[in-house]
Amino acid sequence: MNLMGDTREPTLGVLLERAATRVTDAQAALACGAGTAATAGVLLFAPGWWRAALATLSLAAFGASVVAARSGLPPRAARLVHATTLTLGVAAAFGLGLSVLTKILGVWIS
């Protein structure tokens with residue numbers, strides 16, 4: 001048993017769920033706004049740094065998910081926003097991990 005009384009296996013989903021409960025509303029809104037602005041800025045002004053845009057997109061998706069969960073949306077809309085942000089965040093994180101892996105393997109094989 002851990003300090004929070006949660007006996008679940010510490011998977012990425014559980015860790016993000018725990019982080020979402022500790023984040024304040026202002027921090028979640030800041031993560032969403034800063035992540036969105038940073039993603040747009042990287043894609044507009046430094047497209048060669050697209051890997052950084054994937055990381056900031058994951059941050060924005062996390063913040064948007066927390067904001068939507070606490071916003072008091074109707075249950076159907078809340079599920080839709082949660083599924084959309086979850087899909088976007090996971091896709092960005094997976095793309096970042098895959099791109100870093102291919103970059104490392106490309107250097108290692110050469």
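Because the model is predicted, local features are taken only where pLDDT is at least 70 and side-chain atom pairs count only at pLDDT 80 or more, whereas totals for chains, interfaces and linings use all residues. Residues are numbered from 1 along each chain as its sequence is written, and side-chain values use heavy atoms, with hydrogens and water left out.

Let me start with the overall picture. The protein chain has 4 helices and 0 strands, where helices (H or I, at least four residues) and strands (E, at least two) are DSSP runs numbered from the N terminus, and the pattern along the sequence reads α-α-α-α. Its C-alpha atoms fill a box of roughly 50 × 35 × 25 Å along the principal axes. Of the 110 residues, 23% count as buried, meaning under 20% relative accessible area, with exposed meaning over 50% and partly exposed lying in between (1.4 Å probe, protein chains only).

Now to helix 2, residues 25-45.

Which residues of helix 2 are buried? They are Ala28, Ala31, Gly35, Thr39 and Val42, and seen down the axis they fall within an arc of 75 degrees, so they line one face of the helix; the arc is taken from the directions from the helix axis to the C-beta atoms. On the other side, Asp25, Ala26, Leu30, Leu44 and Phe45 are exposed.

The contact, defined as heavy atoms within 4.5 Å, involves residues including Ala28, Gly35 and Thr39 of helix 2 and Ala60, Gly63 and Val67 of helix 3.

I will finish with leucine 80, which sits in helix 4, residues 75-109. Leucine 80 is exposed, with a relative accessible area of 59%, and its C-alpha atom is separated by 23 Å from that of threonine 11, which is 69 residues apart from it along the chain.
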